[in-house]
Amino acid sequence: MKKTYIPKLDDILGGGIIDNASVMFSAVPGVDYEAFGYQMLNGRLGEGDKGFIFTNVAEPETIIYEFRSYGWDLEKFLKDTQAFFVDGTSPFMGLPSDAKYSIEDYSQVEDVILEAIEDVPDGIGIINNLSTLIDYLGEDETINIIKKWNSHGKKYNASLIYLFTKWDYNHDLIQNLKKSMDCVVEIKTIEERVIIGQGFMVAHSSWSEPSDTMVLFFVVQPGGVKVYIPKILVTGPYNAGKSTFVKKISKKSVSVDRKALSAFPTTIALDIGHLEYKGFIADVFGTPGQERFDLLLDVLGRESVGAFIIVDSTAPQTFARAKEMIRKAKAEAIPKVLIANKQDLPGALSPEEIREKMKLGEDIPIIPAIVTEGKGVTDALEALLGLLYGD
Amino acid sequence: MIELIVRISSGIPGLDKLVGGGGGSFAENTVTLVYGPPKVGKSVFSYQFAFEGLRNNEPCLYISTDYGLKDIERNIANFGWNLDEYIENESFYFIDAISTIAGVEVESKPNYFLSSVHNPTDIMVKLGMAMRQIISKSPRFRSVLDSLTTLMAFNDEVLIVRVLTVYIMRIKESGGTAIVTYTEGSASSKVENMLKAIVDNIIHLDGENLTIEAMIGGGKVKGQYDITPKGIVVD
C-alpha cells in the first residue's frame, strides 16, 4: 500500500492505494482539485519515490510556482532527477521546453507516457488533464490509451493518477473511464446559488469497500488539501469555561467581551476561533451562557456540524441548563462531545457521574478537562473529529 | 402590451431603443453572444456593457483572454471612463487568463484572479471564487467573457463549447447577465452553430450594421452603428 497524502482519504480507502493503482479524481467544473494530484506526488517524492507530471494545462514553470505556493519544493526533486515533466503545453504555445519529454503533437502522447512510466518504476505519474486529452484524441482513442498506460503502470508497479474535469460528457464515456480505473474519487460541490463548499467521496475502489461519506475540504496555500469542518459550536452554562476553551482550541481567536461592573469579563456576544489540527480546519463559535442570548444558539446550531458542550464539573446545579442549551442549539441532531471542565477543583464529578446525572447516552463522549491548563482540549477535539468522520 | 421581461440597459446609446424594450436591451439573467469579424467593436461593446453595470452599482465579473488589467483600464480610459474607482471599491472583478502566458508580473488584489487560457478547469475555479464574493454583495451582477476565440485558439473547440455551457449555467444560477464575444469564422461552422444554440441572445456586428439576430422577447432588427470617441453609438 502507498499513502495518498490526502487527509482522510487513506482511511476511507482502507490504508491507502495499492502500489500500482490507477486513480481518477473526477471533479465537477469549478472545483479546485488540481492540488489532489500534486499533493500525492509531493508526498511520494518525499518518500524517495520517482514521479512525473504530464501537463497539458500549464507550462512546467507555472506548476513549479504552484507547488511553491503550497509550500512544496518541486525544483529540488527536479534537480535530483527524481521527478520530471512530460510537457504537453509549452510546444503548443510556441514556447521552448526544457522538460525531459515534450509533446509537439498528440499522436506522440501514447508512446511518450509509456516511456515515462518505465522511468518511474514503483513510482507515480500524474496526468493533468484527462479532459483536455479526450477533446484532442477523441473518446474511444483516449479509453484505449488509458488502458495501455494502466497495464504498463501495473507492469512497472507505478501509480497513475488522472485529473478529470467532468464537463458535459456523455454518460457512456464517464462509465467507460470509471471502468478503466482501479479507483475513482468524485469531487463534488455544495451549492447554494454559488459553490459554498466542496467535498470528496470515493466512488469506487478495487481493493477495498470504502464508505460513502463525503469529506469536506479546502485547498489552502500554503498547505494544500485540508479537510474542512464548516462550523463548530461551543456552548454550555454561564462560567463553564467556554471562552477559554475557544481560545485554547484555536490558532486565532477573537472574543467580543465587555467588562462587567465587577470588572471580570464575560462574553456578551460571541467567541470566534479558527482551528487547524492534523489537516483539519474548523471555525469555532462560542456562545454566551446567559439565557438572554439563547436566540444565538438557534442560529448557530442550525449552521453547525458539531458541538462541544462544556460543563463545570463542580456545579451539578447547572447541568439542567446545559441540557436545555443542547436542545436550543438543536444539537441533538449533530455530533457532540461533552467536556467535563474544572476537574482540578475540589468536588469535581467524574465523567461517569456526570453521564448519570445528565442521563446522557453512551454515544456522547465525555472528556475530563482542565481547560485553563489546556488539559483535555486535544482529547475533546479528537473525540469530535472521530464522530464527524466516523473514525 | 405589458412588458413582463425585466430588461437591463446595455450602456450602448441607441441600442435599447432599437430593441424597443422600454428602457433596456438584454433580458435580465440571460447570456448574449456578440460576434462578428475582427476589429468591429466587440470588445468596445463589452466595455460599455460592463461599465453601464458598474455605474448602476452592479458588480462585474470580467474574464479577459486577450488583455491584462492594465490594458483593459487603458482601453476603457480611451473612451473617457475610469475603471479605477470600481477596482478600488471591489465591484470590478477580473480574471486575467493571459498575463501568465505573456510572463507579466502582476500584483495580487482580492478582486483580481490570475488564470490561464490553457486551463479552462482553472478558469472555472477562479470564476467560482469570484462569484462567491460577488453575490455576497449584490443579488445581480454582469459578466463578460472576451473572448471565446482566444480560448479556442489554445484549446480544442469542442472543449470550449463545454466550458461555455458551464459558464452559462453558473452565471444564470447565481443571477448574473452576461455577454460573450467571438470572432466570426474562427471556428468550424458546426461549432459556431453550437455556440449560437446555447446562448439566449445573438448580436452580430460587421463594422457598419448591428443586427440583433435573436433576442428573448424580441424580433430580428438591424441598425447602423459607429465607434465614436464615446464608444459604440447606434443610429
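# Reading a predicted two-chain model

Colleague: To begin with one cysteine, does A:Cys183 count as buried or exposed?
Modeller: In this predicted model, the relative accessibility of A:Cys183 comes to 0%. Since a residue is called buried when that value is under 20%, A:Cys183 counts as buried.

Colleague: And how many disulfides does the structure hold over all chains?
Modeller: B:Cys60, a cysteine in chain B, also counts as buried, because its relative accessibility is 0%. A disulfide would need a pair of cysteine sulfur atoms within 2.5 Å, and over all chains the count of disulfides is zero.

Colleague: Turning to chain A as a whole, what share of its 391 residues is buried?
Modeller: Chain A has 13 helices and 16 strands, and its C-alpha atoms fill a box of roughly 80 × 40 × 40 Å along the principal axes. Among the contacts in chain A with a separation of 6 or more, 69% join residues 24 or more positions apart. Of the 391 residues in this chain, the buried share is 58%.

Colleague: Where is A:Asn128 found, and which side chains does a polar contact of 3.0 Å join to its own?
Modeller: A:Asn128 is found in strand β5 of chain A, which runs over residues 124-128, and it counts as buried because its relative accessibility is 0%. Leaving aside neighbours within four places in sequence, its contacts include A:Phe54, A:Thr55 and A:Leu163. Its side chain is joined by a polar contact of 3.0 Å to that of A:Glu34, and by another of 3.0 Å to that of A:Tyr38.

Colleague: How much area do chain A and chain B bury between them?
Modeller: Where the chains meet, 26 residues of chain A are in contact with 26 residues of chain B. Carbon and sulfur atoms carry 54% of the buried area. The area that chain A and chain B bury between them is about 2400 Å².

Colleague: How many salt bridges are counted between chain A and chain B, and which elements give two or more residues to the side of chain A that touches chain B?
Modeller: The count between the two chains is two salt bridges, one of them formed by the side chains of A:Asp168 and B:Arg162, at 3.6 Å from N to O. There are also six residue pairs in polar contact between chain A and chain B, with both residues at pLDDT 80 or more. On the side of chain A that touches chain B, the elements giving two or more residues are α6 (130-137) and β8 (194-205).

Colleague: Is A:Lys359, which is not a glycine but has a positive phi, buried or exposed?
Modeller: Most residues other than glycine have a negative phi. A:Lys359 has a phi of about 55 degrees and is placed in the loop between α12 (351-358) and β16 (366-368) of chain A. Its relative accessibility is 68%, and because the cut-off for exposed is over 50%, A:Lys359 counts as exposed.

Note on methods
Residues are numbered from 1 along each chain as its sequence is written. Chains are lettered from A and ligands numbered from 1 in the order in which they are written. This is a predicted model: local features need pLDDT of at least 70, side-chain atom pairs count only at pLDDT 80 or more; totals for chains, interfaces and linings use all residues. Side-chain values use heavy atoms; hydrogens and water are left out. Contact means heavy atoms within 4.5 Å. Buried area is the accessible area (1.4 Å probe) that two parts lose on being put together, summed over both. A salt bridge is a side-chain nitrogen of Lys or Arg within 4 Å of a carboxyl oxygen of Asp or Glu. A polar contact is a pair of N or O atoms within 3.5 Å; within protein, one must be able to donate a hydrogen and the other to accept it, and residues adjacent in sequence count only if both atoms are side-chain atoms. Helices (H or I, at least four residues) and strands (E, at least two) are DSSP runs, numbered from the N terminus. Buried means under 20% relative accessible area, exposed over 50%, partly exposed in between (1.4 Å probe, protein chains only).
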